[in-house]
Amino acid sequence: MARRAAIVGAGHTRFGVLDEGPRALLRSAVDGAFSSVDRGVERSSVDEVFLATLGFGGWQIGNSSAVLTEEAGLEGPPTTRIENACASGGFALRAAVRAVEHGDAGLALVAGLEKMTDVSNARRRYWLGVSGDTEWERLAGLTFAGVYGLIASEYLHRYPQGREALAEVAVKNHANGLKNPNAQFRKRVTREDVFRAPRVADPLGLYDCCPVSDGAAALLVVPADQAHRYTDTPVYVEGLGAGSDRLAVQERAQLTRFEASRRAGARALADAGRSHREVQFLEVHDCFTIAELLALEDLGFAEPGGAVELTLSGATAAGGRLPVNPDGGLKSKGHPIGATGVSQVYEVFLQLRGQAADRQVPHAETALTHNVGGAGATATVAVFSRG
Ligand code: COA
């Protein structure tokens, strides 16, 4: 199998409505990443830095990648902000892996950050809306919940049993989030709660939506052949894939498939030299419950419509044959936009090192992360293995 790079450290803040500002969040995630390196590492060895952020909310710092180097206590390495909406984190990891793989960096720091709760609802809707199409979506009043509501309506028209599966995704991911100390929501949700909840964008209700969240996560990435200088248990990045699609959903041939995810998933598995059967658990982009069903199909773990049966069978729950989002997913862990793709890798880092406590996927050796920008305009997928 390919070994493109290795993750040797990872840090994570709590996700939720937090008092901390963006600088404190960055500092805490980065400090966590450095202190998790088993044999230690000098901060002065970092020679490439990437910050994933939409640049949301009240802080409004344009050149924010310099804030990351400042808060990380680094002395002047090159630093780049990567903004691909909700997929910023996945694309930042990709940039870091490429940098170490091609010899541009011996140690790269990747951080993802969003502070979303320090602005009014109207400004928040504006900030989220700019990641979608302007003429046909945002200015027509369509929110992201609205876009995914349209997608879910079309999916349920094709596969009516999907309504039960959407509820199951919410119940499952809330149950998983209960076991994650960093999750925004740590409360059990029943099928009845899901069906009784207020509608947000029909057919999606409150428990079908990810929340609005603050938070940060960080990773340390090194060349694969250097990993054992830092730890006996590195997590290898075996394969990377990325793709894109038309920005406005109305420009797409079909609402119920994301071509960007399909391209990214196929490329990542081919790049890793892995089959679907070898992947033991998934961290997928469930910004709305319908998105988890689409991800299972777009990534090839189910046929079109097959995610319904896969989900209802319990296969994707903890203890199932293919656990999906053991950390609670965006649905219950939270979705601080730029941090999400990095946070997914943090979970993989814990799981593949056997450090995920009571949400540990037994004997986990391979995993896949899937991070989507907007309503499917950009996507990245990465495949990981245990060292
Ligand atoms: N899931 C579960 N519970 C939620 C929730 C969610 N997504 N969002 C809020 N809640 C809970 C709150 O904790 C609060 O509970 P409490 O009364 O027990 O304290 C209650 O619901 C009301 O919270 P509030 O913040 O007033 O909700 P809201 O109506 O303003 O917002 C949504 C709810 C779903 C509209 C909002 O979370 C949202 O816009 N989510 C989508 C964000 C998004 O589009 N991200 C980009 C994706 S591509």
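In this predicted model, Ser343 touches His12, Phe15, Ala217, Asp327 and Lys333, leaving aside residues up to four places away in sequence. Ser343 is found in helix 12, which spans residues 337-352. Its relative accessibility is 1%. Ser343 therefore counts as buried, since that class lies under 20%.

The domain assignment divides the protein chain into two parts, each built from two segments. Domain 1 comprises 5-119 + 213-236. Domain 2 comprises 132-211 + 241-386. The C-alpha centres of domain 1 and domain 2 are 23 Å apart. Domain 1 brings 44 residues to the contact, and domain 2 brings 36 residues.

The size of an interface is often expressed as the accessible area lost when the parts come together. Between domain 1 and domain 2, about 2,800 Å² is buried. Carbon and sulfur atoms give 68% of this area. On the side of domain 1, His12, Phe15 and Cys86 lose the most area to domain 2. Together these three residues account for 24% of what that side buries. His12 and Phe15 are also among the residues that Ser343 touches.

Several elements of domain 1 each supply at least two residues of the side that touches domain 2. They are strand 1 (5-12), helix 3 (88-101), strand 4 (108-114), strand 7 (215-222) and strand 8 (235-244). By residue class, the side of domain 1 that touches domain 2 holds 23 nonpolar, 16 polar and five charged residues. One salt bridge is found across the interface of domain 1 and domain 2. A salt bridge also joins the side chains of Arg353 and Asp38, with an N to O distance of 3.6 Å.

The relative accessibility of Thr80 is 34%. Thr80 therefore counts as partly exposed, because that class covers values between 20% and 50%. Ser343, at 1%, counts as buried. Beyond residues up to four places away in sequence, Thr80 touches Val49, Phe50, Leu51 and Ser65. Ala92 lies 12 residues from Thr80 along the chain. The C-alpha atoms of Thr80 and Ala92 are separated by 9.0 Å.

Note on methods:
Residues are numbered from 1 along each chain as its sequence is written. This is a predicted model: local features need pLDDT of at least 70, side-chain atom pairs count only at pLDDT 80 or more; totals for chains, interfaces and linings use all residues. Side-chain values use heavy atoms; hydrogens and water are left out. Buried means under 20% relative accessible area, exposed over 50%, partly exposed in between (1.4 Å probe, protein chains only). Contact means heavy atoms within 4.5 Å. Domain bounds come from an automatic or database domain assignment. Buried area is the accessible area (1.4 Å probe) that two parts lose on being put together, summed over both. A salt bridge is a side-chain nitrogen of Lys or Arg within 4 Å of a carboxyl oxygen of Asp or Glu. Helices (H or I, at least four residues) and strands (E, at least two) are DSSP runs, numbered from the N terminus. Ala, Val, Leu, Ile, Met, Phe, Trp, Tyr, Cys and Pro count as nonpolar, Asp, Glu, Lys and Arg as charged, and the others, Gly among them, as polar.
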